Amino acid sequence: MQSSIPTTPGLGKILMLVLARDLRLAVRHWDQVLQPLIFFVIVTTLFPLAISPALDELRKISPGVVWVAAMLSSLLALESLFRPDVEDGTMEQWVLSGQPLSLLLLAKTLTHWLLTGLPLVLMAPIVGTALGMPQSVWPVLVATLALGTGSLSVLGAIGAALTVSVRRGSVLLALLVLPLEMPVLIFGARAVDLAMHGEPVAGPLNLLAALLLFFVSLGPFAMAAAMRISVES
Amino acid sequence: MWLWFHKLSSPPYAYRTAGLMRPWLFWPAILLMVIGAVGGLVLAPEDYQQKDAFRIIYVHVPSASLSLMIYTIMAVAAGVGIIWRIKLAHAVAAACAPIGAWFTVATLVTGSIYGKPMWGTWWEWDPRLTSELILLFLYLGYMALRASFDDTQRADRASAILAIVGVVNVPIVKYSVVWWNSLHQGPSISKLAAPSIEGSMLWPLLIMMLAFILYFGAVLCDRLRGEILRRERNASWLSESLASS
Amino acid sequence: MLAQVAATSPQPQLEARAVHLWRGEKHLLRGVSFALYSGELLQVVGPNGVGKTSLLRCVAGLLPTESGEIVWQGRQLPEGRDEFHRELAYLAHVNGLKSDLTALENLHFGVSIRRPVTTEELRETLQVLHVEACADLPVRALSAGQKRRVALARIMLTRAALWILDEPITNLDKAGIALFEARIAEHMRAGGMILTAAHQLLLQGQPGVRTLELR
């Protein structure tokens, strides 16, 4: 039997396979991919309606509004991260594939970020402008969101892996994930705020990058451990 | 040493040990609490700035330290449980969570009672209070996750992962909150901490601290016994010991 | 060459020793033991709810056992878990197919994360199971029996030594069952092993075919 032991594909190859598969699935269901983005825009629209149409007032809270909306939208998108795969049994095959599960799940999270996080990052300047944010802070806004939503995706993926087998787990997911994400919100939103006041933002940006590195390097192990528990049921 | 550890981790032995230890923790805790209360509320002089209001630190500061300490103990117990597959460690973690959450609530309540005379509001976004609030959310999330699994074993392992992720995050939360707060008012004297207070104010605080730790130990013994009973409700040793008593 | 291994191998490849499992309040598996040698088919039988699926999931490493050992080629799991999983093909009640992908795309992904594979090979296997016409259809458009055949094609394509199949012939028609029995016999001749949970026994009376009854 030894001769038939399959040679395993390399890690880069696995990454490409997962990416290709999930992108293909997303193309066939692009409406679901768009939903978190639409949600993001709608939430930011609520603030002028609830507070004031005066751009001067909105400008003060615009970094916070954009960041909170981004956080909620990324939370909403997590529902589609693992649940379909766990429900149709494909996740079980990943667990039993003999490949490092942490890597497979990281690849999946990366694809998910490309589909739900990246559009949000690109949409943010438009939304920010509508809230009176000056054009000069666009680079900082995009940079904080690009770094920050990555961290949100990894933390969210840990929560999603923990709650995926729980019925009606989405409220629970928010309860678990939001407190963990608060530091990211603090650094992200405050950095944009500092930039609007013309102050240096290298500090919080570096911290955001450090957090992203930290979460990406350790998070996948937590995801894999959580997923093994979730596929038990 | 290892043998002792193994023996302790057997549920009947742990159940009995916790029962034996409990009074030795509980009564000294009460005694020390009385001494500390007299020392803090009567003997200690009043603060020249904060008047009598500062005296709430004798409850607030020990609660705050314990809320954080218990979270760490919980995460370590959960880690031991998941790595060495020791069920008793999971039971300890499960027993810790509600106690820690209550200490966190106590910290928040005493903090806001202190805030009314000092700042004129019931709530101030002080860095310590803010991070305590986030800590409370972490406790609540942990307990909610535990409650959402029917199977105790899965609840144990899933919540253990969350506890470990949470404890890694606690310093990040702490640091980010301090940074966030410093943007607004600059580093001021931490309002609720006890900076360089004189001896007559300090010793009751240390006594109270010890009293709270012992009290936590006593409550933990109680809750652990309850947790063991719940988990071992079908085990033979339990029905035997019930029959003999 | 593989048949020789089967004939001369004295050691069990897969062994379960006194496996106990609790599900909530229920003591499901009470000391289940079995050994599986190269070229054997072991069918786990018993009434519904007796723990057939749980036993299979324990052996596959999806469920942790309460006590007892699962030993693969002399190593007690979870030691060497990844190596074990590379030689294991597991089919659950659900087919594990994405309904938005075509049969071919499903197989391509499912096999490629384990070993390199060509599209021709995938098509050939589909042909063996008489579902070549479904290759380019999205799985949602297939009938239940066709889906099961595609799922079985994945098991065959992984070239794993050990197949663990939970009710493999669910939804298969008579012709499908006959086709599948032939593939099982071929796998056994090549020295492979199969562990199934079954209501309906396959290859009854053939050499190397055994049953394990759970009570």
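Biologist: With which residue does R28(A) form a salt bridge, and how far apart are the closest N and O atoms?

Modeller: A salt bridge is a side-chain nitrogen of Lys or Arg within 4 Å of a carboxyl oxygen of Asp or Glu. R28(A) forms one with E105(C), and their closest N and O atoms are 2.9 Å apart. This is a predicted model, in which local features need pLDDT of at least 70 and side-chain atom pairs count only at pLDDT 80 or more, while totals for chains, interfaces and linings use all residues. Residues are numbered from 1 along each chain as its sequence is written, chains are lettered from A and ligands numbered from 1 in the order in which they are written, and side-chain values use heavy atoms, with hydrogens and water left out.

Biologist: How many salt bridges does the rule find across the interface of chain A and chain C, and which elements of chain A give two or more residues to it?

Modeller: The rule finds five salt bridges there. The elements are α1 (11-28), α4 (79-87) and α5 (90-95) of chain A, helices being DSSP runs of H or I with at least four residues and strands runs of E with at least two, numbered from the N terminus. With six residues, α1(A) gives the most to this side.

Biologist: How is the size of an interface given?

Modeller: It is often given as the accessible area lost when the parts come together. Buried area here is that loss, taken with a 1.4 Å probe and summed over both parts. Chain A and chain C bury about 3400 Å² between them, 58% of it on carbon and sulfur atoms. In contact (heavy atoms within 4.5 Å) are 33 residues of chain A and 43 residues of chain C.

Biologist: What does the interface of chain C and chain B bury?

Modeller: These two chains bury about 540 Å², 23% of it on carbon and sulfur atoms. In chain C, E25(C), P64(C) and E66(C) lose the most area to chain B, together 65% of what that side buries. Zero salt bridges are found across this interface.

Biologist: Why is strand β3 of chain C described as largely enclosed?

Modeller: Buried means under 20% relative accessible area, exposed over 50%, and partly exposed in between (1.4 Å probe, protein chains only). Five of the five residues of β3(C), residues 41-45, are buried, so the strand is largely enclosed by the rest of the structure. L41(C), Q43(C) and V45(C) cover one side, L42(C) and V44(C) the other.

Biologist: Which strands pair with β3(C)?

Modeller: Two strands pair if DSSP finds at least two bridges between them. β3(C) pairs in the parallel sense with β8(C), residues 193-197, over four bridges, and L42(C) stands opposite L195(C). With β9(C), residues 209-213, the parallel pairing has five bridges, and Q43(C) stands opposite T211(C).
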